[in-house]
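Hi everyone, thanks for coming.

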Amino acid sequence: MLQLALVTLRPRRAVVGRDLLDPSVTHLRVRLGDLDLYRHVNNGVYLQYLDLGRSNYLADLGAFGRLSARGWYPVVAASTMTYRRSLTLGQRFTVTTRVIGWDRRVVYLEQVVECGGQLVARGWVAGRFLSRAGDRIAPADVVAAIDPGERESPALPDDVAAWARAVDVAHR
């Protein structure tokens with residue numbers, strides 16, 4: 001939690017020329033508190049790693065100030081993870097975050113955890129933005145605040161669209 005607070009309250013510098021659809025890479029190392037009794041990263045900790053990746057993605061775009069000025073903040077509406085390999089104490093790894101599209105209600109992201117060029121885990125996240133009053137903010141409005149101008153969502157890959165329908169995230 002402390003790490004997430006730090007990347008949110010003191011975000012890294014924006015990357016000049018970063019596009020909304022460009023991937024953002026976060027470099028991390030497995031810490032002792034990330035491990036479970038089996039001495040590998042606990043499955044729930046991966047979700048925290050993804051939180052860090054999403055915060056750094058927004059920081060790379062220089063979006064924190066623009067969203068905060070409007071009183072908007074992100075929340076996760078749904079997520080799913082697939083695990084391929086374990087991470088252990090001290091290993092360095094990356095979380096690559098990219099927006100893959102949006103609809104009327106949510107923004108869809110893919111987040112990939114890799115270590116030494118090998119896939120460790122992959123997550124899909126459906127996120128929303130809320131106002132301080134609790135109102136939902138349309139993804140198109142968030143996109144316009146981050147990247148002024150008209151912008152259409154890329155077509156969602158079939159497997160992501162099927163997942164979104166299965167968890168019914170676009171209708172809640």
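Let's start with the largest pocket: 28 residues line it, and L58, Y73, P74, V75 and F129 are the ones nearest its centre. A pocket here, on a 1 Å grid over the protein atoms alone, is an open set of points where a 1.4 Å probe fits, with protein on both sides within 12 Å along at least five of seven lines, and lining residues have an atom within 4 Å of a point. This is a predicted model, where local features need pLDDT of at least 70 and side-chain atom pairs pLDDT 80 or more, while totals for chains, interfaces and linings use all residues. Numbering runs from 1 along each chain as its sequence is written, and side-chain values use heavy atoms, without hydrogens or water.

The largest pocket holds about 560 Å³ of space, counted as what probe spheres set on the points fill. Its lining has 19 nonpolar, five polar and four charged residues, with Ala, Val, Leu, Ile, Met, Phe, Trp, Tyr, Cys and Pro as nonpolar, Asp, Glu, Lys and Arg as charged, and the others, Gly among them, as polar.

Now the helices, which are DSSP runs of H or I of at least four residues, numbered from the N terminus. The α2 and α3 axes cross at roughly 95 degrees and come within 6 Å, the axes being lines fitted to C-alpha atoms over the stretch in contact, with angles from 0 to 180 degrees between N-to-C directions. That makes α2 roughly perpendicular to α3, the term for 65 to 115 degrees. S55, L58 and A59 of α2 meet A63, F64 and L67 of α3, contact meaning heavy atoms within 4.5 Å.

On α4, V142, A145 and I146 meet A63, R66, L67 and R70 of α3. Thanks, all!

Notes:
Helix = DSSP H or I, 4+ residues; strand = E, 2+ residues; numbered from the N terminus. Parallel < 35°, antiparallel > 145°, perpendicular 65-115°, else oblique.
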